[in-house]
Amino acid sequence: MTDQRPPVPLFDLKRQWQEVRADVDAALERVLATQQFILGPEVAALEQECAAFLKVKHAVAMSSGTDALLAALMALDVVPGDEVITSTFTFFASAGVIHRLGARPVFVDIEARDFNLDPARVAAAITPRTKAIMPVHLYGQAADVDALRAAAGKLPLVEDCAQAIGTEYRGTPVGGLGLIGCFSFFPTKNLGAFGDGGLVTTNDAVLAERLLDMRVHGMRPKYVHNFVGGNFRLDALQAAILRAKLPRLSDWIAKRRAGAAHYRALFAAAGLDGIVRLPEELGGRGHTYHQFVVRVPRRDALREHLAKREVGSEVYYPISLHQQPCFASLGQRDVFPEAEKAQAEVLALPIFPELRPDERERVVEEIAGFYK
Ligand SMILES: Cc1ncc(COP(=O)(O)O)c(C=O)c1O
């Protein structure tokens, strides 16, 4: 018997586009009329508006989340021989940027409850070569920042906030909790551009100036290069689109949270306790549900079952970074039982703001059907 109902996508950017279309069209028209496409007043305005939203003193727009992380580490003078501690259970970019600078990514295991860096293991991984610690606020829930600060002592925290824009840790938005925060505007992120984009935040004025120069090849004034940076510039068109969307971000986050609450009610009603482990909301960590990630037995078979029924799902991430072929020669100091368990169990379900209640019902129905 084939199901006649329409597919449930993991995300559907077209729905959000319909909501913002008029504002985005006006924003694009505004930029096109100026024919100024690189940096300029749109980017400066986006930076001011993001700084206000994120309650930080300085925001510097970048060409992607990856470049935001790279520029941040370059601004901190991460060089060959240095070590940067980060999570093994994250998107590749977090560690890729460390390695690209000739430094060593030192991977640390996660905590089972929130999939974020385990502060006790971070403390144990610090050596005289450690230059920075990079927590990742995975899936939209802030890491245990107080414990990480205690572990870090004087070492800087570089927050990877790519998945957590708008998340508040004990009332303070992520990105302002450490020395530098790095954000991504990849189209499917909670605030997405129509292409690549990123942002760096800091409350340190000297660092902010350095980051402004870093994204234009270390140049100030024109054609004087004081250090080697890169081309990490954001387009004015992307900035204008992001400015049209930013005023709606809090509403979209509220919708993601409401969707998560609805899932909880549906899973409880379906009697899947003990089979499907729902995401935990830890005190003060402010989950914004970039992803709604459950832990399930027979994950790959469930995923296949959902795919056959045209229900979207994804595994973030199936291979921890300490197991990636490109890092095989690094050798590792820690062991990673929690990450290795998580990578076999996690499954992200559709959670985008425009997802309808009947679509969530369908997702839970199909999962219940698999385990019945
Ligand atoms: C945790 C994490 N860090 C870094 C990045 C890199 O961001 P971008 O894709 O904008 O380069 C992403 C997103 O893709 C991410 O999820």
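A pocket is defined on a 1 Å grid over the protein atoms alone as an open set of points with protein on both sides within 12 Å along at least five of seven lines, and a molecule sits in a pocket if more than half of its atoms lie within 2 Å of its grid points. By these criteria, the ligand sits in the largest pocket. The structure is a predicted model, in which local features need pLDDT of at least 70, side-chain atom pairs count only at pLDDT 80 or more, and totals for chains, interfaces and linings use all residues. Residues are numbered from 1 along each chain as its sequence is written, and side-chain values use heavy atoms, with hydrogens and water left out.

The shell around the ligand comprises 16 residues, of which Gly-65, Thr-66, Asp-160, Ser-184 and Lys-189 come nearest; a residue is near a molecule if one of its heavy atoms lies within 4 Å of it. The shell divides into 6 nonpolar, 8 polar and 2 charged residues (Ala, Val, Leu, Ile, Met, Phe, Trp, Tyr, Cys and Pro count as nonpolar, Asp, Glu, Lys and Arg as charged, and the others, Gly among them, as polar). A polar side-chain atom of Asp-160 lies 2.7 Å from a ligand nitrogen atom, and one of Ser-184 lies 2.7 Å from a ligand oxygen atom. For Lys-189, a side-chain N or O atom is 3.1 Å from an oxygen atom of the ligand. The protein covers 93% of the 380 Å² of accessible area that the ligand has on its own (Shrake-Rupley method, 1.4 Å probe). Helix H3 (65–75) and helix H4 (93–100) are the elements that give two or more residues to the shell, and H3 provides the largest share, 3 residues. Helices (H or I, at least four residues) and strands (E, at least two) are DSSP runs numbered from the N terminus.

The structure holds 11 aromatic pairs, defined by ring centres of Phe, Tyr or Trp (its six-membered ring) within 6.5 Å, with planes under 30 degrees apart counted as stacked, over 60 as edge-to-face and the rest as tilted. The ring centres of Phe-91 and Tyr-317 are 6.2 Å apart with planes at 45 degrees, so this pair is tilted. Phe-91, between strand S2 (83–87) and H4, and Tyr-317, between helix H10 (299–308) and helix H11 (337–345), are 226 residues apart.

The peptide bond from Tyr-316 to Tyr-317 is cis, with omega near 10 degrees.

Terms used:
Polar contact = N/O pair within 3.5 Å; in protein donor to acceptor, adjacent residues only side chain to side chain. 1 Å grid on protein atoms, 1.4 Å probe; cavity = no way out; pocket = protein on both sides within 12 Å on 5 of 7 lines; lining within 4 Å.
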